[in-house]
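Trainee: Please take a close look at one part of this model with me. Pick a single residue, start with its contacts, and then connect it to the rest.

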Amino acid sequence: MATSLGANTYNRMNWETSDFPILCQTCLGDNPYMRMIRETYGKECTICNRPFTVFRWCPGAKMRYKKTEVCQTCAKTKNVCQTCLLDLEYGLPVQVRDAALKMQDNIPKSDVNREYYQQNNEAALAKTGGSSGAGGKAPNELLMKLARTTPYYKRNRAHICSFWVKGECKRGEECPYRHEMPTDPNDPLANQNIKDRYYGVDDPVAEKLLKRAADMPKLTPPTDKSITTVYVGGLDANIKEQDLRDVFYQYGEIRNINMVTKSGCAFVNFSQRECAEKAVQGAFNKLIIKGRRLKILWGRGQGAPASKPQEEARPLPPVPGLPPSLPQPPPELLAHDFFGLRSDKVPQPPMLRAVAGSVLPPLPGPAGLRMPLIPPPGTHVIHYPSQDPQRLGTNKSRGNDN
Amino acid sequence: MPKVRRSRKPPPEGWELIEPTIEELDAKMREHETEPHEGKRKVEALWPIFKIHHQKSRYLYDLYYKRKAISKELYDYCIKEKIADANLIAKWKKDGYERLCCLRCIQVRDTNFGTNCICRVPRSKLDQIKIVECVHCGCRGCSG
């Protein structure tokens with residue numbers, strides 16, 4: 001390699017000059033008014049050891065200064081950010097991206113071969129002018145699940161103060177470093193290597209992400225075939241019903257969408273079960289609307305809320321003003337039973353069945369009380385069975401429940 | 001700062017009044033010059049030098065311009081002998097620079113973006129409550 005720019009050796013390596021860095025949104029920080037320092041041939045690229053143009057900037061208040069670490073040729077070859085070496089499109093480590101897209105790279109790792117490869121690559125990039133990344137293809141399912149939707153600015157925080165960790169930081173309040181205990185040094189995430197991360201081998205972060213992808217929960221469709229509703233959670237005010245309709249119409253005919261603005265969720269009711277199944281499969285852990293990752297679950301049937309059994313067990317107070325059931329006929333008549341009036345066969349209204357013996361006083365004798373039982377006013381709210389929507393019997397499923 | 005007295009002339013009237021303070025500041029300066037740098041940051045090493053330099057100039061500036069306690073001859077003598085920093089005092093006469101800590105902090109050509117030092121930013125304009133010590137002289141804010 002040429003050791004100085006002026007040295008005129010045969011087939012000399014090109015030193016890189018650039019006007020603008022290739023960076024991800026997280027590395028740039030949240031401040032739109034940012035200044036950068038550019039230094040041509042400031043450092044050698046960590047991967048290819050060639051001098052390149054180094055950019056340095058502060059990504060927002062209380063963040064540490066960041067600088068570009070790899071040259072633009074290396075960054076373009078892998079379609080990664082020059083600083084954090086994460087994929088520009090998904091913000092994921094190279095290893096995860098390559099595993100998901102089944103990409104193979106053949107960058108030589110030895111000196112001369114790598115230089116030759118870089119030289120050819122640079123010429124090719126100069127012709128096409130773009131990055132050689134995985135652009136233009138359909139988005140990968142695994143990458144969509146793992147990718148971040150918003151920039152992760154915590155990554156730009158100041159480094160941990162090593163003096164504070166040893167208990168001897170004398171700068172106190174003025175210390176620009178972070179006074180926090182580091183994570184366990186035995187944690188594999190604590191030792192990362194920039195070359196390994198670039199080549200996508202033995203990357204602890206990638207292993208963690210791939211493990212998370214493998215452990216991701218899968219939604220099993222409920223056994224009740226009548227459920228065709230999909231729950232969508234994590235909505236905010238910006239997401240309107242039309243946005244949901246735009247996303248879910250592709251899976252089949254939507255019967256209706258019920259937006260619950262207060263709790264930030266919606267219920268998308270499909271006309272057919274298969275459509276709902278397709279929608280859950282297609283949108284679970286992947287649905288991102290207006291930068292928000294939405295939660296997808298199976299809805300419960302609206303006619304069968306979970307809290308129903310307890311309500312059923314509670315005895316209902318009798319309606320005043322109704323005549324009680326007729327008193328039992330005298331035993332001599334019962335013995336004949338002309339009209340099939342055995343006590344167990346006497347049809348009774350359901351309300352009285354529920355409360356028999358508990359609320360009503362025992363019926364006195366054959367010359368029984370014919371007067372209706374009227375409770376003293378103001379003791380409790382009168383319950384009419386006809387007001388109870390679950391007793392209406394308009395819906396078949398509701399009728400079955402009773 | 002004079003290492004040796006250059007002029008053969010005897011100091012003017014009133015020199016014996018300010019001499020003990022000047023001597024004391026000189027002794028303090030010598031003490032900090034010989035201080036070991038161990039345990040200090042690279043930028044921290046020069047901070048006490050700048051501080052005492054500022055103090056000495058400030059002492060004479062106050063005596064002549066504020067309290068009017070010394071004669072013009074004595075003040076000129078101190079400037080000529082470089083006991084007080086004429087350039088620094090010249091800045092103190094300007095509006096907004098009354099409390100300037102050192103000349104490096106207003107040297108905009110030495111910074112990346114052609115700006116003054118952080119200690120020149122008024123406290124009210126800084127959005128953080130955190131104390132900032134400037135790298136040049138350890139100043140914590142010298143603008144009004």
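Mentor: Start with one term. Contact means heavy atoms within 4.5 Å. Keep in mind that this is a predicted model.

Our residue is A:Asn269. Leave aside its neighbours within four places in sequence, and A:Asn269 is in contact with A:Thr228, A:Thr229, A:Ile254, A:Arg255 and A:Asn256. Where does A:Asn269 sit? Its place is in strand β6 of chain A, which covers residues 265-270. One of its contacts has more detail. The side chains of A:Asn269 and A:Thr228 make a polar contact at 2.9 Å. Is A:Asn269 buried or exposed? Its relative accessible area is 15%. Buried means under 20%, so A:Asn269 counts as buried.

Now compare the surroundings of another residue, A:Phe284. This one is in a loop of chain A, between α10 (273-283) and β7 (288-289). A:Phe284 is buried, with a relative accessible area of 15%. What does A:Phe284 touch, if residues up to four places away are not counted? The list is A:Lys145, A:Pro217, A:Lys218, A:Leu219, A:Ala279 and A:Ile296. Take A:Leu219 from that list. In sequence, A:Phe284 and A:Leu219 are 65 residues apart. In space, their C-alpha atoms are 7.8 Å apart.

Next come the charged pairs. Side chains of opposite charge can pair when their charged atoms come close. The count over all chains comes to 18 salt bridges. Let us look at three of them.

Begin in chain A. A:Arg97 and A:Asp87 meet through their side chains in a salt bridge, 2.5 Å from N to O. The two partners are 10 residues apart and link distant parts of the chain. A:Arg97 is in helix α3 (residues 94-101), while A:Asp87 is in the loop between α2 (72-78) and α3.

B:Arg140 forms a salt bridge with A:Glu174, and the closest N and O atoms are 3.1 Å apart. B:Arg140 lies in the segment after α4 (86-92) of chain B, and A:Glu174 lies in the loop between α6 and α7 (194-199) of chain A, so this pair joins two chains. Look at the accessibility of each partner. B:Arg140 has 41% relative accessibility and counts as partly exposed. A:Glu174 has 19% and counts as buried.

The side chains of B:Glu35 and B:Lys40 meet in a salt bridge at 3.1 Å, N to O. B:Glu35 is partly exposed, at 33% relative accessibility. B:Lys40 is partly exposed as well, at 30%.

Stay with chain B for a moment. How many helices and strands does it have? It has 4 helices and 0 strands. Along the sequence, the pattern reads α-α-α-α. Chain B has 144 residues, and 33% of them count as buried. Now consider its contacts with a separation of 6 or more. Residues 24 or more positions apart account for 55% of those. The accessible surface of chain B is about 9600 Å², and carbon and sulfur atoms hold 53% of it.

Back to chain A, and to its strands. An open sheet there has 3 strands in the order β1-β2-β3, with antiparallel pairing. Its edge strands are β1 (36-44) and β3 (66-67), since each pairs on one side only.

Finish on the surface. Which residues form a nonpolar patch there? They are A:Trp164, A:Val165 and A:Met181, with about 270 Å² of accessible area together. A:Val165 lies in helix α6 of chain A, residues 162-166. Its relative accessible area is 33%, so A:Val165 is partly exposed.

Key
Residues numbered from 1 in each chain as written. Chains lettered and ligands numbered in written order. Predicted model: local features only at pLDDT ≥ 70, side-chain atom pairs only at ≥ 80, totals over all residues. Heavy atoms only, no water. Patch = residues over 30% accessible without salt bridge, like charges linked within 9 Å, V, L, I, M, F, W, Y side chains within 5 Å. Areas by Shrake-Rupley, 256 points an atom, 1.4 Å probe, with all protein chains shown as cover. Salt bridge = Lys/Arg side-chain N within 4 Å of Asp/Glu carboxyl O. Buried < 20%, exposed > 50% of the residue type's maximum accessible area, 1.4 Å probe, protein only. Pairing = 2+ DSSP bridges. Polar contact = N/O pair within 3.5 Å; in protein donor to acceptor, adjacent residues only side chain to side chain.
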